[in-house]
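I opened this model to look up its ring contacts and its nonpolar cores. My entries follow in the order I made them.

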Amino acid sequence: MTHHESPAEPAQPSGPAAVIVLAAGAGTRMKSRTPKILHPIGGLSLIGHALAAAKGLAPEHLVAVVRHQREKVAAHITGLDEEVILADQDEIPGTGRAVECGLEALAADGAAPESGTVVVTYGDVPLLSTELLAELVRTHEQEANAVTVLTTVLDDAAAYGRVLRAEDGSVTGIVEFKDATAEQRAIREINSGIYAFDAAVLNRALAQVTTDNAQGEKYLTDVLSLARAEGGRVAAVVTEDGWQVEGANDRVQMQALGAELNRRIVEAHMRGGTTVVDPASTWIDASVTLEEDTTVLPGTQLHGATHISRDAVIGPDTTLTDVVVGEGATVARTHGSGAQIGDGANVGPFTYLRPGTQLGPEGKIGAFYETKNVTIGRGTKLSHLGYAGDAEIGEYSNIGCGNITANYDGERKHRTVIGSHVRTASNTVFIAPVEVGDGAYTGAGAVIRKDVPAGALGLSVAPQRNAEGWVEQKRPDSAAAEAARRAGGSGE
């Protein structure tokens with residue numbers, strides 16, 4: 001049997017022909033100079049969440065329809081995924097026209113879908129999951145529907161469009177709230193605006209949809225009645241998870257969606273083996289990863305590409321962005337970004353880790369310390385009240401209280417190199433560029449301007465002079481002068 005005759009792998013189900021994400025709206029209720037869909041929750045923009053859910057379907061083509069602040073929105077989308085096809089909505093308003101513009105962009109790209117499934121979703125529905133979209137597509141294709149709409153049932157359907165059904169359960173249409181009768185307004189099943197269409201049906205119907213209505217818009221909902229008119233079946237997938245079809249129209253709704261997304265993220269991590277002591281005060285981005293047996297204490301925020309390894313304890317009151325924490329490390333009351341913390345290391349409290357900080361295994365960066373662009377070797381301790389920047393420190397060194405690397409001369413940055421098994425005394429200042437050899441010491445208050453050889457003691461000593469009687473002479477009426485007189489230290 002030749003290679004070409006070997007049994008083929010089981011065919012993987014193919015994704016839809018296209019997913020069109022509508023992202024052209026102005027979002028005026030956000031009252032922001034930033035386009036609504038660029039506002040973030042869970043560490044990702046609204047449109048970022050929408051595109052991730054859509055991309056999870058593995059569609060042949062992914063389209064985003066844009067208009068408001070077009071250049072800013074387009075640059076953001078392209079930064080997320082260069083393969084997304086951008087379509088510009090023209091002056092004709094309405095969701096039907098927006099979808100039509102998406103199809104026209106596909107045609108211009110030589111990829112107009114003439115058959116298969118076209119999914120339409122929105123850029124401001126951040127909790128919508130790939131799994132729910134996949135269920136929509138699966139139902140649509142298994143039932144050979146012309147259109148399948150995603151719906152949900154709400155206790156208070158408010159001003160949403162209502163879903164009208166026939167006795168056999170098929171969808172007969174969608175009526176907008178403002179056009180609904182009192183009987184129709186009593187219906188609690190609402191239209192999410194998210195659809196799976198048969199591509200051929202969608203193309204034919206959109207060619208017939210007009211703007212002849214009170215709003216002067218080209219409605220996508222008109223496709224449903226046109227599909228039924230030509231004998232197609234229109235059905236619905238009902239989700240019990242109303243959050244997945246909830247849109248963010250203003251900052252109040254966005255906050256509610258952000259809190260619900262965070263609740264889901266935190267719960268997922270707890271089910272995956274993380275102890276979160278206070279979920280209500282813990283915020284974790286969707287991109288953060290935590291291993292089993294990690295512990296997150298109250299008041300902690302984990303952002304970006306942060307990764308927490310097994311048995312690490314983070315918090316309380318800690319914010320980490322793009323920080324990698326090693327196994328068994330502890331990080332308390334720390335603000336950090338772009339840093340790496342080794343296995344068994346200890347950071348905090350009240351520590352500021354800036355980008356480029358690399359703390360080795362079993363190392364320590366203690367209270368009221370700031371670090372930046374510094375490599376710290378295994379077992380080395382920077383315990384308290386200091387700054388280490390643009391520096392390299394070896395293994396098992398002890399950097400004393402109040403030590404500072406003076407790395408900036410007013411024009412350029414310079415590096416400090418400190419070896420292994422070094423002991424620096426309190427209030428040592430290293431005037432970079434300077435090197436301290438292995439096993440060297442420094443004296444208290446030393447200002448190190450020259451290299452210190454291995455095993456040497458670096459000192460900068462000025463003779464101490466005591467001005468006897470100075471307090472009595474200069475502060476004769478002070479409490480200090482009275483105390484000195486009682487101690488017999490007036491100098492008289």
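I looked first at charges over rings (NZ of Lys or CZ of Arg within 6 Å of the ring centre and within 35 degrees of the ring normal). Arg185 has its charged end over the ring of Phe177, 4.0 Å from the centre. Lys413 lies over the face of Tyr408, 5.7 Å from the ring centre.

I noted that this is a predicted model, where local features need pLDDT of at least 70, side-chain atom pairs count only at pLDDT 80 or more, and totals for chains, interfaces and linings use all residues. Residues are numbered from 1 along each chain as its sequence is written, and side-chain values use heavy atoms, with hydrogens and water left out.

Next I looked up aromatic pairs (rings of Phe, Tyr and Trp, the last by its six-membered ring, with centres within 6.5 Å; planes under 30 degrees apart are stacked, over 60 edge-to-face, the rest tilted). The count is two. Phe350 and Phe368 are stacked, because their ring centres are 5.1 Å apart and their planes at 15°. Phe368 is exposed at 51% relative accessible area, and Phe350 is partly exposed at 45% (buried is under 20%, exposed over 50%, partly exposed in between, with a 1.4 Å probe and protein chains only).

Last, I turned to the nonpolar cores (buried Ala, Val, Leu, Ile, Met, Phe, Trp, Tyr and Cys joined through side-chain atoms within 4.5 Å). The largest has 65 residues, and Val99, Val147, Leu202, Leu220 and Val223 have the most contacts inside it. A second, separate core of 48 residues includes Leu46, Leu359, Ile393 and Phe430.
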